[in-house]
Structures are given as C-alpha cells and as structure tokens.
Amino acid sequence: MKKLFAEFFGTFWLVFGGCGSAVFAAGVPNIGIGLLGVSLAFGLTVLTMAYAVGHISGGHFNPAVSVGLVVGGRFPAKDLVPYIIAQVLGATAAAFILYLILNGAGAFTREGTGAFATNFYDSPGYNNRSYSVVAAFLAEMTLTAFFLIVIMGATDKFANGKFAGIAIGLALTLIHLISIPITNTSVNPARSTSQALFVGGMALQQLWLFWVAPITGSIIGGGIYRFLLQKQDNE
C-alpha cells in the first residue's frame with residue numbers, strides 16, 4: 001500500500017508542479033517563465049520525487065513508464081493496474097486543486113487550445129502551427145520510447161544509481177522543450193487525463209492519443225533497452 005501512496009503523491013506533485021507552472025506562471029507578462037520554465041518545472045517534479053519516494057515505489061509517476069518497465073523486465077505485471085490507478089487518482093487530485101486555485105481568481109477557462117494545460121493535436125497552437133494526428137502520435141511515441149531508454153539505463157544495476165533522478169528529470173525537461181509546441185507534451189497518460197477531465201470537449205475526445213502513443217512508445221523503449229542495450233552479467 002505504501003508503494004501506491006508513493007505513486008499517488010509523486011504523480012500529484014508532477015501534475016501540480018508541471019501543469020501548475022504552465023497554468024499560473026508561463027504567460028505572466030514580462031516575468032513569465034515561458035516554455036523553458038515549464039519544461040524545467042516538469043523535470044524538477046520528477047527529479048525531486050524520484051529522490052523523495054523513488055526508493056518506496058520505484059518512482060514511476062506515469063502509466064506509460066509502468067508499462068514500459070513491465071516490458072523491460074523491471075516491474076511485475078501483477079502490480080501494473082494498481083499503479084496506474086494510483087497514478088491517475090494522484091494526477092486528478094492535483095488537477096482538482098489547481099482548478100480550485102485558478103477558479104478562486106475567476107480565471108478558469110475551457111476555451112482555447114491547451115486550456116488548463118491540456119494536450120492537443122490538429123488545432124492551431126504555438127506559432128499558429130497545427131500538427132496532424134500522425135505528427136502528434138509520432139512525437140509522443142518517439143519521445144516516450146527514449147524516455148524509457150533513459151530511465152532503464154539510468155537505473156540499470158551497472159549504472160551509478162545515485163544520479164538516476166537527475167538524468168531522468170533532465171530527460172523529461174528536454175522532452176518538454178521539444179514537444180510543448182507540438183502537443184503541449186504528454187508522454188504521460190495520467191497527466192493528460194487529469195487536465196482533460198476538467199476541460200472536457202475536444203480535450204476528452206483527443207485523450208485516446210495521449211494514452212495510446214505514450215504506451216506504444218514505452219513498449220518500444222522498454223523492449224529496445226531489454227533486448228538490444230541491456231548489459232548481461234557475463235559481458
């Protein structure tokens with residue numbers, strides 16, 4: 001049960017810190033943190049929680065990561081569904097608190113692309129570019145695959161595990177720097193679900209992609225590391 005609580009609170013922190021930075025601080029005139037700041041915020045949430053509770057649950061905070069680790073042989077399949085439930089509940093609880101805070105200023109809105117830090121495709125976003133469903137899928141799949149490769153490599157028994165949280169947090173920062181302009185960055189179905197539940201409409205209709213693409217990428221990444229990259233004891 002402690003593992004599930006760790007996943008709940010870790011995913012809560014990821015959504016509260018990452019999406020919160022996007023909702024509250026990204027667009028403040030003159031002093032807003034912008035794309036770079038939001039990217040760093042997401043990376044910092046994972047970095048800090050990896051060291052805070054990673055030793056309890058493994059520090060997944062993401063259904064796609066849990067699936068990828070099952071494929072990679074690092075996580076038992078019997079624990080997958082409870083982990084995913086804990087992650088989605090933690091993310092949704094964080095989104096609810098963000099909603100209450102934002103609504104306290106009368107600033108909550110469901111209007112506009114990426115409202116309330118939701119993910120999107122086929123809709124004019126940053127730089128007035130509209131990326132197709134195929135482009136969005138490719139971006140989310142590819143980035144999640146490499147995220148799993150970084151996670152599995154950084155936590156390998158042959159690696160220096162003390163720095164794993166830093167590598168993983170910086171990888172997530174880089175992922176956001178690349179893909180915020182494309183999809184507002186998911187690579188995490190729990191994070192996408194939590195925001196879409198409050199915005200509804202198109203965000204919910206497009207939510208399927210932000211489950212299927214990251215999980216597909218995680219399966220690819222987990223398989224690549226396990227079968228092509230992982231060092232064996234006799235090597």
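1. Leu-69 touches His-60, Arg-74, Phe-75, Leu-148, Ile-151 and Met-152, when neighbours within four places in sequence are set aside. The model is a predicted one, and the points below should be read with that in mind.

2. Leu-69 also belongs to the largest nonpolar core, which has 47 residues. Together with Val-15, Phe-116 and Phe-147, Leu-69 is among the members that touch the most other members of this core. Helices α1 (2–25), α2 (34–57), α3 (63–71), α4 (80–103), α5 (133–154), α6 (164–183) and α7 each contribute at least two residues to the core. The largest share, nine residues, is that of α4. In soluble globular proteins, nonpolar side chains tend to be buried together.

3. Arg-74, one of the contacts of Leu-69, also takes part in a salt bridge with Asp-156, with an N to O distance of 3.4 Å. Arg-74 sits in the loop between α3 and α4 and Asp-156 in the loop between α5 and α6, so this pair ties together parts of the chain 82 residues apart in sequence.

4. The structure has two salt bridges. Besides the pair in point 3, Asp-79 forms one with Lys-78, where the closest N and O atoms are 3.3 Å apart. Lys-78 is exposed, its relative accessible area being 67%. Side chains of opposite charge can pair when their charged atoms come close.

5. Gln-195 deserves a separate entry. This residue lies in helix α7 (residues 189–199) and is buried, with a relative accessible area of 0%. Not counting residues up to four places away in sequence, Gln-195 is in contact with Val-15, Cys-19, Ala-95, Phe-116, Ala-117 and Thr-118. Two of these contacts, Val-15 and Phe-116, are named in point 2 among the core members that touch the most others.

6. Thr-118, a contact of Gln-195, also lines the largest cavity. The search of the whole structure finds one cavity of 30 Å³ or more, and the volume of the largest cavity is about 40 Å³. Its lining consists of Thr-118, Asn-119, Ser-192, Ala-196, Ala-203, Leu-207 and Phe-210. By type, the lining has four nonpolar residues, three polar ones and no charged ones.

Technical notes
Residues are numbered from 1 along each chain as its sequence is written. This is a predicted model: local features need pLDDT of at least 70, side-chain atom pairs count only at pLDDT 80 or more; totals for chains, interfaces and linings use all residues. Side-chain values use heavy atoms; hydrogens and water are left out. On a 1 Å grid over the protein atoms alone, a cavity is a set of points where a 1.4 Å probe fits but cannot get out, and a pocket is an open set with protein on both sides within 12 Å along at least five of seven lines; lining residues have an atom within 4 Å of a point. Grid points are joined across faces, edges and corners, and a volume is the space filled by probe spheres set on the points. Ala, Val, Leu, Ile, Met, Phe, Trp, Tyr, Cys and Pro count as nonpolar, Asp, Glu, Lys and Arg as charged, and the others, Gly among them, as polar. Helices (H or I, at least four residues) and strands (E, at least two) are DSSP runs, numbered from the N terminus. Buried means under 20% relative accessible area, exposed over 50%, partly exposed in between (1.4 Å probe, protein chains only). Contact means heavy atoms within 4.5 Å. A nonpolar core is a set of buried Ala, Val, Leu, Ile, Met, Phe, Trp, Tyr and Cys residues joined through side-chain atoms within 4.5 Å. A salt bridge is a side-chain nitrogen of Lys or Arg within 4 Å of a carboxyl oxygen of Asp or Glu.
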